[in-house]
Amino acid sequence: MKPAPFTRHVPRTVDEVVSALAEFAPLDGRILAGGQSLVPIMAFRMARPAHLIDINEVEGLDRLAVDGDYLSIGARVRHGAFHKPVIDGPLGKLLAFVVSHIAHYPIRMRGTFCGSLAHADPASEWCLVAATLDAQLVVKSVRGDRIVDVTDFLEGIMSTSLAEDEFLAEARLPLLPDDTKFGFYEFSRRAGDFAMSAALVTYRLVDGVITDACVGIGGAEDRARRIPEAENVLNGQAPSPELFVAAGEAAATAIEPLEDAQTTAEYRRDLVRAVTRRALERSTQ
Amino acid sequence: MSDKTDITLTINGQSHAIRVESRRTLADAIREDCGQTGTHIGCEHGVCGACTVLVNGEPVRSCLMFAQQADGKQIRTVEGLADGDEMHPMQRAFMENHGLQCGFCTPGFLMLAVGVLEREPDISDHDLIDVLSSNLCRCTGYQNIIKAVRAAAVEMRQS
């Protein structure tokens, strides 16, 4: 249970990070951020990177601030930063509610928001938040910067569109209008364990009917994503228990469920049906 | 690849000049290189919490951090809780409330609870239970740990 040998690089600036990546990524190098997923995988020797580019000393990457109409989250902003609402309004409350579901307190002191996105575990709460809120991701390399929509970033199980020399430097979450309602519900077997399904919903009420509904599902498919079929059920309707059941049904039907030894497709659909409905119920509380 | 680097770990205020490979975890360095064996190692992949220590005041899994990453930072371990012969209120509360049986998980629980209560003295009982779910104990069934931490929390708030 000891990681294999590697060479550690400690850049101080983002320029040094991308230079180091350009040099060492082809030699089996990768980024070390919080390390709360990578280091266990290394302990099991499922990963044996030859080089780790440790970004924990890089100036400025801990920046967490509002820029215009979005919240900017730097690459070494840790989960624990969201324990208390980081901004007034629904987005800060939403992030503070969701973060309590991520692993455990000591893990949240080290693990990072952007690291979760780059790791792209289908069960990741932050991937679900990013997908539901249409996050934009700032990706840097020696070849230049690009901004990627989350739908083009998350590609599958622990798979993203990052090239090997690219570094996820920042995530941008759009601010939510003050009257946004939200609800989140996650099902897992133990506190802090991986989500077997999770739902995040946001919407606004205009003249008593739902508008701008966003329904995201995580932990059920190979990546977190919005489910337009469920959003269509909600938009233009007044919230009601029957409507929430119908939205859950639409989400359960729309997904392509992941299966594993413990979880059949049918069970996963049933979980999605339940977490969607419960997230919607929480949005009214 | 196995080049070693000179670092200084400051554990409970005492400096330890050591020379470690990049792959050396903080947990192993604390125990093997600095001889501070109060910190226990259980699962070595971040699940059990036995190796929890405070780094710059934050409770972290020392098996998921590399020793070189803690160079120059303030580390606190279970050896630093007591003041001479005077136990820390958290240690005394664990004893008085039977918060341990075999004692293997205890250093991790003590550092977790002390770290969280120093950062958030007014944390609710409900949130404390969530915090204590971070670490594994296979003896007590947790009820006496919860009792101990709640008792110590009251005392720590008064002091």
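Trainee: Which residue takes a positive phi in the hairpin of β4(A) and β5(A)?
Mentor: That's Gly68(A), with a phi near 65°. The hairpin has two residues between its strands. Bear in mind that this is a predicted model.

Trainee: Thanks! How many bridges pair β4(A) with β5(A)?
Mentor: Four, and the pairing is antiparallel. Strand β5 of chain A covers residues 70–74. Asp67(A) has Tyr70(A) as its bridge partner in β5(A).

Trainee: What's the strand order in the sheet they belong to?
Mentor: In chain A the order is β4-β5-β10-β6-β7. The sheet is open, has five strands and pairs in the antiparallel sense.

Trainee: And which strands are at the edges?
Mentor: β4 (64–67) and β7 (144–149) of chain A, each of which pairs on one side only. On average, neighbouring strands in this sheet are turned by 25° against each other, ignoring direction.

Trainee: Switching topic: how many residues of chain A are in contact with chain B?
Mentor: 25 residues of chain A, in contact with 24 residues of chain B. On the chain A side, the elements giving two or more residues are β1 (7–9), α2 (38–43) and α4 (105–110).

Trainee: Which of them gives the largest share?
Mentor: α4(A), with five residues.

Trainee: What's the class make-up on that side?
Mentor: The side of chain A that touches chain B has 14 nonpolar, seven polar and four charged residues.

Trainee: Last one, on chain B. How is it divided into domains?
Mentor: Domain 1 takes 4–44 + 66–79 and domain 2 takes 89–158. Their C-alpha centres lie 24 Å apart.

Trainee: How many residues does each domain of chain B give to the contact?
Mentor: Five from domain 1 and five from domain 2. On the domain 1 side of that contact in chain B, one residue is nonpolar, four are polar and none is charged.

Notes:
Residues numbered from 1 in each chain as written. Chains lettered and ligands numbered in written order. Predicted model: local features only at pLDDT ≥ 70, side-chain atom pairs only at ≥ 80, totals over all residues. Contact = placed C-beta atoms within 7 Å. Nonpolar A, V, L, I, M, F, W, Y, C, P; charged D, E, K, R; others polar. Pairing = 2+ DSSP bridges. Axes fitted to C-alpha atoms, helices over the stretch in contact; angles between N-to-C directions. Domains from an automatic or database assignment.
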